[in-house]
Amino acid sequence: MSLVRFNKNRFPWFANGATDVWDSSDFLADDFFTRQESLPAMNVKETENDFQVELAIPGFSKEEIEVTMENDLLFIQGNRSQEEVEEEEDYTRKEFSYNHFERKLQLPATVDQEKEVKAKYKNGVLRLNLAKYPESAGQSKKKIAIA
């Protein structure tokens, strides 16, 4: 008969003792929901002529969103005034709180910052089109072999 050593790392609830899980005063808390700031979801797509950036920002008006470009950085921020709403129900957890957000994106060297950035906000989605330099439009991607 061979003996196999018990690996505590396979069972993370034994790392600090199982009692720590039940001693938590906020049982429903987790790392995802306890972040200090909420960032809107973002998609970035590169085409031959431009970069297309989409951000999901529901509940904001276009007047509450500011987009600026400075020193190879694209700043997207939104500020919404805090609404005072009387609630009849006591929530166990409330996550709807997009009152402020800020995203910063490092722009690639191929973005022509002198050209106008096209921006549209519709149905809670902000769409930005960042033009590329004409000479970079024909460049092809280089495939890298994995050893």
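Residues are numbered from 1 along each chain as its sequence is written, and side-chain values use heavy atoms, with hydrogens and water left out. Because the model is predicted, local features need pLDDT of at least 70 and side-chain atom pairs count only at pLDDT 80 or more, whereas totals for chains, interfaces and linings use all residues.

Strands (E, at least two residues) and helices (H or I, at least four) are DSSP runs, numbered from the N terminus. An open sheet of four strands runs in the order E1-E2-E7-E6, with antiparallel pairing. Strand E1 (42–46) and strand E6 (118–122) stand at the edges. Each has a single partner strand, so one side of each lacks a neighbour in the sheet. The twist from one strand to the next averages 15°; axes are lines fitted to C-alpha atoms, for helices over the stretch in contact, and angles run from 0 to 180 degrees between N-to-C directions. Two strands count as paired if DSSP finds at least two bridges between them. E2 and E7 pair in the antiparallel sense over seven bridges. Gln52 has Asn129 in E7 as its bridge partner.

The largest nonpolar core holds 15 residues. Such a core is a set of buried Ala, Val, Leu, Ile, Met, Phe, Trp, Tyr and Cys residues joined through side-chain atoms within 4.5 Å. Buried means under 20% relative accessible area, exposed over 50%, and partly exposed in between (1.4 Å probe, protein chains only). Ile57, Leu74, Ile76, Leu126 and Leu130 touch the most other members. Strand E2 (50–56), E4, strand E5 (100–106) and strand E7 (125–131) each give two or more residues to this core. Contact means heavy atoms within 4.5 Å. Beyond its neighbours within four places in sequence, Leu74 is in contact with residues including Val67, Met69, Arg103, Leu105, Leu128 and Leu130.

Arg103 lies in strand E5. Arg103 is buried because its relative accessible area is 18%. Its side chain reaches the backbone oxygen of Pro40 at 2.8 Å. A polar contact is a pair of N or O atoms within 3.5 Å; within protein, one must be able to donate a hydrogen and the other to accept it, and residues adjacent in sequence count only if both atoms are side-chain atoms. Residues up to four places away aside, Arg103 touches Leu39, Pro40, Met42, Leu55, Leu74, Phe75 and Ile76.

Lys132 sits in the segment after E7. Lys132 is also buried, at 8% relative accessible area. A polar atom of the Lys132 side chain lies 2.9 Å from the backbone oxygen of Thr47. Among the contacts of Lys132 outside four places in sequence are Glu46, Thr47, Asp50, Phe51 and Asp112.

Gln77 is placed in strand E4 (residues 73–79). Gln77 counts as partly exposed, with 23% relative accessibility. Its C-alpha atom is 8.4 Å from that of Glu64, 13 residues apart along the chain. Gln77 touches Glu64, Ile65, Glu66, Phe101 and Glu102, not counting residues up to four places away.

Rings of Phe, Tyr and Trp (its six-membered ring) pair if their centres lie within 6.5 Å; planes under 30 degrees apart count as stacked, over 60 as edge-to-face and the rest as tilted. The count comes to one aromatic pair. Phe60 and Phe101 form this edge-to-face pair, at 5.3 Å centre to centre and 90° between the planes. Phe60 is in the loop between E2 and strand E3 (65–70), and Phe101 is in strand E5, 41 residues apart. Phe60 is buried at 6% relative accessible area. Phe101 is buried at 2% relative accessibility.
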